[in-house]
Amino acid sequence: MWHRSTLTLSPRRQGFHLITDDITDQLPALASVRLGLLHLQLLHTSASLTLNENADPDVRHDMALYAERLAPQGIEGMHHTLEGPDDMPAHVLASLFGTQLTLAVESGRLATGTWQGIWLGEHRQHGGPRRILATLNGDDA
């Protein structure tokens with residue numbers, strides 16, 4: 001079976017946000033997959049997707065701190081500045097963290113590790129709603 005849908009995430013502040021439940025709540029077809037894959041493609045160039053710690057919010061805080069130091073605003077000589085000082089650093093972070101994930105599905109659930117969750121990296125100060133193209137492929141339960 002194949003299923004594709006566009007998921008919408010509400011606007012979030014700059015930082016890293018656990019969105020696993022946002023994804024699974026918008027994918028009722030997930031429950032019918034015995035064995036398969038879920039591919040998530042973020043349809044934006046200034047945010048990212050990653051799989052990381054799902055229990056301790058301090059990890060998301062520290063990752064945001066690291067990202068801010070990795071791609072700071074206001075680097076002298078930057079050419080792409082028309083969309084604001086946070087835009088070019090956001091593009092850099094989206095490329096480094098990535099905008100796609102492929103996850104295993106087993107028995108109607110994401111087959112992630114105990115402490116793994118899907119994160120949205122919002123790299124703009126005011127990024128707005130974000131869309132994710134979700135493609136689910138697998139054997140029906």
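Tutor: Let us begin with a definition: a residue counts as buried when its relative accessible area is under 20%, as exposed when that value is over 50%, and as partly exposed in between. The model discussed here is a predicted one.

Student: How many salt bridges does the structure hold?

Tutor: The general idea is that side chains of opposite charge can pair when their charged atoms come close. In this structure there are 5 salt bridges. One of them joins the side chains of Arg12 and Asp22, with a distance of 3.2 Å from N to O. Arg12 belongs to the loop between S1 and strand S2 (15-18), and Asp22 to helix H1 (residues 20-25), so that distant parts of the chain, 10 residues apart, are linked by the pair.

Student: Why does Arg12 count as buried?

Tutor: Arg12 counts as buried because its relative accessibility is 17%, and the cut-off for buried residues is under 20%.

Student: Which residue forms a salt bridge with Asp139?

Tutor: That residue is Arg34, and the closest N and O atoms of the pair are 3.0 Å apart. Asp139 counts as partly exposed at 40% relative accessibility, and Arg34 is partly exposed at 43%.

Student: Where does Arg124 lie, and with which residues is Arg124 in contact?

Tutor: Arg124 is found in the loop between S7 and S8. With neighbours within four places in sequence left aside, its contacts are Gln14, Ser46, Glu83, Asp86, Asp87, Ala90 and Arg130. Arg124 counts as buried, at 14% relative accessibility. With Asp86, Arg124 forms a salt bridge in which the closest N and O atoms are 2.9 Å apart. Asp86 lies in the loop between H2 and H3, so this pair ties together parts that are 38 residues apart in sequence. Asp86 is also buried, with a relative accessible area of 6%. Through salt bridges that share partners, Asp86, Asp87 and Arg124 are joined into one network.

Student: In what order do the strands of the open sheet stand?

Tutor: In general, strands of a sheet pair through backbone hydrogen bonds, either parallel or antiparallel. Here, 5 strands make up an open sheet in the order S1-S8-S3-S5-S6, with antiparallel pairing. S1 and S6 are the edge strands, each of which pairs on one side only. Between S3 and S8 there are 9 bridges, and Val33 stands opposite Asp140 in S8. S3 is joined to S5 by 7 bridges; there, Gly36 has Val105 in S5 as its bridge partner. S5 and S6 are joined by 2 bridges, and Val105 stands opposite Leu110 in S6.

Student: Which residues of S5 form its covered face, and which its uncovered one?

Tutor: The general idea is that in a regular strand the side chains alternate between the two faces of the sheet. In S5, Leu101, Leu103 and Val105 make up the covered face, while Gln100, Thr102, Ala104 and Glu106 make up the uncovered one.

Student: What phi does Ser107 take in the hairpin of S5 and S6?

Tutor: Ser107 takes a positive phi near 55° in this hairpin, which has 2 residues between the strands. Ser107 is not a glycine, and at 57% relative accessibility it counts as exposed.

Student: Which residues touch the most other members of the largest nonpolar core?

Tutor: They are Ile19, Ile23, Leu38, Leu40, Leu49, Ile118 and Ile132, in a core of 22 residues. S1, S3, S4, S5, S7 and S8 each supply at least two residues of this core, and its largest share, 4 residues, comes from S3. Apart from this core lies another, of 6 residues, among them Phe16, Met63, Ala67 and Leu93.

Student: Which residues form the nonpolar patch on the surface?

Tutor: The patch is formed by Tyr66, Leu70, Val92 and Leu96, which together have about 390 Å² of accessible area. Helix H2 (57-70) and helix H3 (87-97) each contribute at least two of its residues. Leu70, in helix H2, counts as partly exposed at 41% relative accessibility. H3 also has buried residues, namely Asp87, Pro89, Ala90, His91, Leu93 and Ala94, and their cover includes S4 and H2. After H3 comes Gly98, with a positive phi near 100°.

Key: Residues are numbered from 1 along each chain as its sequence is written. This is a predicted model: local features need pLDDT of at least 70, side-chain atom pairs count only at pLDDT 80 or more; totals for chains, interfaces and linings use all residues. Side-chain values use heavy atoms; hydrogens and water are left out. Buried means under 20% relative accessible area, exposed over 50%, partly exposed in between (1.4 Å probe, protein chains only). A nonpolar core is a set of buried Ala, Val, Leu, Ile, Met, Phe, Trp, Tyr and Cys residues joined through side-chain atoms within 4.5 Å. Patches are made of residues with over 30% relative accessible area and no salt bridge: like charges are joined within 9 Å, nonpolar side chains (Val, Leu, Ile, Met, Phe, Trp, Tyr) within 5 Å. Accessible areas come from the Shrake-Rupley method with a 1.4 Å probe; for residues, only the protein chains shown count as cover. A salt bridge is a side-chain nitrogen of Lys or Arg within 4 Å of a carboxyl oxygen of Asp or Glu. Two strands pair if DSSP finds at least two bridges between them. Contact means heavy atoms within 4.5 Å.
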